[in-house]
Amino acid sequence: MARSGDNAQPGTSRNSPPNSPPSSVNSPRTAKNKPKASLLRQQKLPAWQPILNAATVIPMIFGVGIVFLPIGIVLFLAANGVTESDFLYSCKKTIVTDPDIYNQYRNINDCNITLQLSEKFEGDVYFYYRLENYFQNHRRYLKSRSDKQLLGNLEAVSDCQPYDRANSSSNTQPAYAPCGAVANSMFNDTFKLFYNGNQVPFTYKGVVWEVDKNVKFKNPTCADCKTLAEAFKGTVKPKNWMKPVYELDLADPNNNGFLNTDLIVWMRTAALPDFRKLYRILDRPANSIFANGLPAGNYTLTVQDNYPVDDFHGKKHFIISTTSWAGGKNLFLGITYMVVGSLCILLGLVFLVIHMNFGSSLRELANIQDSMH
């Protein structure tokens, strides 16, 4: 008696329908995502692995020392050739918080400080202010700013909390311009320098980077605005400022508003708690006593001391400095190169002595390997 399925076609199962295709159990499968059989994809490229021994390491250490040591000496001499004077200043302060009477009392914090330059400052002369114990690198302080607003979008203040609007609890209140903790704390001391009754000419041209002036900072514009004050209509000055942003420099429209040099310099935050920022550059008109720099002698620095530092136990400095091809007076880089170069030469000598007394030559190592085989 024939059993069911005895007449089934080869390659089909008992329960499969009669017209089903043959099973492909034994047919080869094509692997998916298989890398191509190239030397690069199969990681079969020839490789070279250096074998470090005394004959290669010791010359490399000497080479680093021979290169680093003269570079450090050159950098040190260049930085040491910079002429610089740092003056700590502090005036008796009367804090005026009412902006309506600010102009009436604006000169109450002026003080005159006698500065003595023992040597001539030749060439380009730069004037800095320096702050101590001021942490511009604090995370919450850094985040409280709006780069979009500094490009002219006055309502882009969402990143400026808690200095975003006059009343942070309401989005309908006028926005600060500029907003944020960084702008609110802008340094606002002013300086004037006199020599033998002549005011030393300052210029702000060349103080800020071109990318900041032309790309990162722009004043707001509107079709019906005739003045910069109208462009900033609907905003208020930062909480700690004594005048609005569109009055920072009424004499020069190119240095007013968000394009103000002091504002741009301050908004580039410092990485360390003791920092200096460029304030002005000496203007050297021809046929003047300052054409070749600052002559040696006694100077009078008139400071309008507006910026309080007692709350964070800080200090303020006024710095006069020249520069070299390597920058300002910074001995750290040159000393670092000299220290690293000297250590490399010293370690190279130590390794050389150890190798000559206790090391094995390449021929001895080859003989050891042959004996092992």
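Buried here means under 20% relative accessible area, exposed over 50%, and partly exposed in between, computed with a 1.4 Å probe on protein chains only. Keep that scale in mind for the whole tour. The model is predicted, so local features need pLDDT of at least 70 and side-chain atom pairs count only at pLDDT 80 or more, while totals for chains, interfaces and linings use all residues. Residues are numbered from 1 along each chain as its sequence is written, and side-chain values use heavy atoms, with hydrogens and water left out.

**Stop 1**

Select Tyr-337 to begin. At 26% relative accessibility, Tyr-337 is partly exposed. Rings of Phe, Tyr and Trp (its six-membered ring) pair if their centres lie within 6.5 Å; planes under 30 degrees apart count as stacked, over 60 as edge-to-face and the rest as tilted. The structure holds 21 aromatic pairs. In the one you have selected, the ring centres of Phe-68 and Tyr-337 are 5.1 Å apart and the planes meet at 45°, so this pair is tilted. It links distant parts of the chain: Phe-68 sits in helix α1 (residues 54-80) and Tyr-337 in helix α7 (residues 332-358), 269 residues apart. Helices (H or I, at least four residues) and strands (E, at least two) are DSSP runs, numbered from the N terminus.

**Stop 2**

Now colour the strands. Two strands pair if DSSP finds at least two bridges between them. Look for an open sheet of five strands in the order β1-β13-β4-β10-β8, with antiparallel pairing. Its edge strands are β1 and β8 (202-203), each pairing on one side only.

Select strand β13, residues 315-321. Six of the seven residues of β13 are buried, so the strand is largely enclosed by the rest of the structure.

Stay on these two strands and show the rings of Phe-127 and Phe-318. They form a stacked aromatic pair, 6.1 Å centre to centre with 20° between the planes. Phe-127 lies in β4 and Phe-318 in β13, so the pair ties together parts that are 191 residues apart in sequence. Phe-127 is buried at 0% relative accessible area, and Phe-318 is buried at 0% as well.

**Stop 3: charges over rings**

A charge sits over a ring if NZ of Lys or CZ of Arg is within 6 Å of the ring centre and within 35 degrees of the ring normal. Select Tyr-128 and Arg-276: the arginine lies over the face of the tyrosine, 5.4 Å from the ring centre. Then move to Tyr-279, where the charged end of Arg-280 sits over the ring, 4.4 Å from its centre.

**Stop 4: the disulfides**

Select the cysteines next. A disulfide is a pair of cysteine sulfur atoms within 2.5 Å, and by this rule there are three.

- Cys-91 and Cys-111 are joined with their sulfur atoms 1.6 Å apart. Cys-91 is in the loop between β1 (84-89) and β2 (110-117), and Cys-111 is in strand β2, 20 residues apart. Cys-91 is buried at 9%, and Cys-111 is buried at 17%.
- Cys-160 and Cys-179 have their sulfur atoms 2.0 Å apart. Cys-160 lies in the loop between α2 (139-143) and β5 (175-176) and Cys-179 in the loop between β5 and α3 (181-184), so the pair ties together parts 19 residues apart in sequence. Both are buried.
- Cys-222 is joined to Cys-225, S to S 1.3 Å. The torsion about their S-S bond is about 130°, so this disulfide is right-handed. Cys-222 is partly exposed at 36%, as is Cys-225 at 23%.

**Stop 5: Arg-145**

Finish with Arg-145, in the loop between α2 and β5. Is this residue buried or exposed? Arg-145 is buried, with a relative accessible area of 18%. Contact means heavy atoms within 4.5 Å. Not counting residues up to four places away in sequence, Arg-145 touches Leu-150, Asp-159, Cys-160, Cys-179, Gly-180 and Met-267. Show the backbone oxygen of Met-267 too: it lies 2.8 Å from a polar atom of the Arg-145 side chain.

Note on methods: Polar contact = N/O pair within 3.5 Å; in protein donor to acceptor, adjacent residues only side chain to side chain.
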